[in-house]
Amino acid sequence: MPRPRKPAAKALVEGRHIINAGRYKRNDPTGAEIGAPPTWLNEQQANAWREFASELPWLNASHRCLVSIASVLRARLQSGAEMGTKSLSLLRLCLSSMGATPADASKISWAPAEEADDLLD
C-alpha cells in the first residue's frame, strides 16, 4: 500500500515543493462558486443554503445537489419539525461529505484562490 500524500502545507514548510515541484502541483477540485439557491427551495430552505455557503466557503458548483439535500434537512431541523433517526443520519452524512464536521474539516485543504497560488509558487 502506498504512503499517504503529504499535505501541501507541510511540504511547503519542509521545502519539498522546491525539491520536487511537480509532485505538489495538484489538480485540486476547483470550480465555479456554489451560487444562489435553486428556485425550488422554499424560503427556510434557501436560508439554510445561504448559511451553508457562508459557513463552508470551499463549496463549489459540484456540491449543489448535496447542499440542496442538506438545506432541506437543516430547514426541517431548524423549524422544530419532528425528525427521525434516518433523517438526522442523512444530515450528518451530508455534513461529513461537505467537510462540515470537526473530524472532516481537518481533511479540507482549502485556501482562497490568491492564497493557494502563493503557497505553491
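**Exercise 1.** In this predicted model, at what angle do helix α3 and α4 pack, and how far apart are their axes?

*Solution.* Start with the two helices: α3 covers residues 43–55, and its packing angle with α4 is about 120 degrees, while the axes are 8 Å apart. Next, classify the angle. Because 65 to 115 degrees counts as roughly perpendicular and over 145 as roughly antiparallel, α3 is oblique to α4. Then look at the residues that touch. From α3 come Q44, Q45, A48, W49, E51, F52 and E55, and from α4 come R64, V67, S68, A70, S71, V72, R74, A75 and Q78. Sorted by class, the residues of this contact are seven nonpolar, five polar and four charged. Finally, the handedness: α3 and α4 cross in a right-handed way.

**Exercise 2.** Is the crossing of α4 and α5 left-handed or right-handed?

*Solution.* The crossing itself is left-handed. On the α4 side, the contact uses L66, I69, A70, L73, R74, R76 and L77; on the α5 side, S87, L88, L90, L91, C94 and S97. By class, that contact holds nine nonpolar, two polar and two charged residues.

**Exercise 3.** Which residue lies over the face of F52?

*Solution.* Find F52 among the α3 residues that touch α4. Now look over the face of its ring: R74 lies there, 4.4 Å from the ring centre. To finish, search the whole structure for aromatic pairs: there are zero.

Conventions:
Residues numbered from 1 in each chain as written. Predicted model: local features only at pLDDT ≥ 70, side-chain atom pairs only at ≥ 80, totals over all residues. Heavy atoms only, no water. Phe/Tyr/Trp six-rings, centres within 6.5 Å; stacked < 30°, edge-to-face > 60°. Lys NZ or Arg CZ within 6 Å of the ring centre and 35° of its normal. Left-handed = near helix turned anticlockwise from the far one by under 90°. Helix = DSSP H or I, 4+ residues; strand = E, 2+ residues; numbered from the N terminus. Contact = heavy atoms within 4.5 Å. Nonpolar A, V, L, I, M, F, W, Y, C, P; charged D, E, K, R; others polar. Axes fitted to C-alpha atoms, helices over the stretch in contact; angles between N-to-C directions. Parallel < 35°, antiparallel > 145°, perpendicular 65-115°, else oblique.
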